[in-house]
Amino acid sequence: MNEPIVARHWLAIAAPKAAPALATTTVLALARIWNANGAEHSVGSAVLMGALSLGAAAAGVNAGNSTGDSVLVGTAFAASGALAFAGVAGYADGMPLPLLLWSLATTGAYALAARYWRTDRRETVAHERDMTDRREERAHIERVETMRATTQVEVARAGAAYAEQLAAALVTRAALPGFDPAALERAGLPELPARHRDT
């Protein structure tokens, strides 16, 4: 069976691997823009981001207790961490602390993502193996059925050819001069059909 070959673009392959770094870098850039526009040493902004971060974490705990959906819980805790990171990066003066937090957040994001990537890879490999096994089994069944059908056709052709040859031989033998069907019967050979005896 022919399967279509699908070649994915290199950006489609690289995008999921770059997503954690792009997300933390975007949060850092937006926080530093916010810092330059008045969030530096602003207690009100820090309290707001702290409250939002705690709210997202509480939503993650609530989602984990009520639904048990790991994707929803992970998203809520990621939002909580991003808000806390943005609050600190927006409040702090200078770049060392925001860059340190950015590197920690990026490392943590990749550590969490690697677990999901491994699980996804295992499921993909298991699915590919299952599909390969099914394809091979179906191809084997098709080959066996093709051989069986070919054999039946060959047997039918051989039977038809034998019947034609036998009919031709009987007709030819009956047409020979001095042919005596009664002599064949006395010799113990099978009796010829009545239509051949009449000829």
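**Figure 1. The whole chain and its surface.** About 14400 Å² of accessible surface belongs to the chain, and carbon and sulfur atoms hold 65% of that area. This is a predicted model. The chain runs to 199 residues, and 17% of them count as buried. You'll find six helices and zero strands here, so the pattern along the sequence is simply α-α-α-α-α-α. Take the contacts in the chain with a separation of 6 or more: residues 24 or more positions apart account for 65% of them.

**Figure 2. Helix H2 packed with helix H3.** Here H2 (residues 43-66) packs with H3 (residues 70-91) at an angle of about 170°, and the two axes sit 8 Å apart. Angles over 145 degrees count as roughly antiparallel, which is why H2 and H3 get that description. On the H2 side, the contact includes Val43, Met49, Leu52 and Val61. H3 brings, among others, Leu72, Phe77, Leu83 and Tyr91. Sort the residues of this contact by type and you get 18 nonpolar, five polar and no charged.

**Figure 3. The largest nonpolar core.** Six residues make up this core: Leu28, Ala31, Met49, Phe85, Ala86 and Ala89. Helix H1 (10-39) and H3 are the elements that give two or more residues to the core, and H3 has the largest share, with three.

**Figure 4. A close look at Leu28.** What does Leu28 touch, once its neighbours within four places in sequence are left aside? Its contacts are Phe85, Ala89, Pro98, Leu99 and Trp102. Two of these names, Phe85 and Ala89, also turn up with Leu28 in the largest nonpolar core.

Technical notes: Residues are numbered from 1 along each chain as its sequence is written. This is a predicted model: local features need pLDDT of at least 70, side-chain atom pairs count only at pLDDT 80 or more; totals for chains, interfaces and linings use all residues. Side-chain values use heavy atoms; hydrogens and water are left out. Axes are lines fitted to C-alpha atoms, for helices over the stretch in contact, and angles run from 0 to 180 degrees between N-to-C directions. Helices (H or I, at least four residues) and strands (E, at least two) are DSSP runs, numbered from the N terminus. Angles under 35 degrees count as roughly parallel, over 145 as roughly antiparallel, 65 to 115 as roughly perpendicular and the rest as oblique. Contact means heavy atoms within 4.5 Å. Ala, Val, Leu, Ile, Met, Phe, Trp, Tyr, Cys and Pro count as nonpolar, Asp, Glu, Lys and Arg as charged, and the others, Gly among them, as polar. Buried means under 20% relative accessible area, exposed over 50%, partly exposed in between (1.4 Å probe, protein chains only). Accessible areas come from the Shrake-Rupley method with a 1.4 Å probe; for residues, only the protein chains shown count as cover. A nonpolar core is a set of buried Ala, Val, Leu, Ile, Met, Phe, Trp, Tyr and Cys residues joined through side-chain atoms within 4.5 Å.
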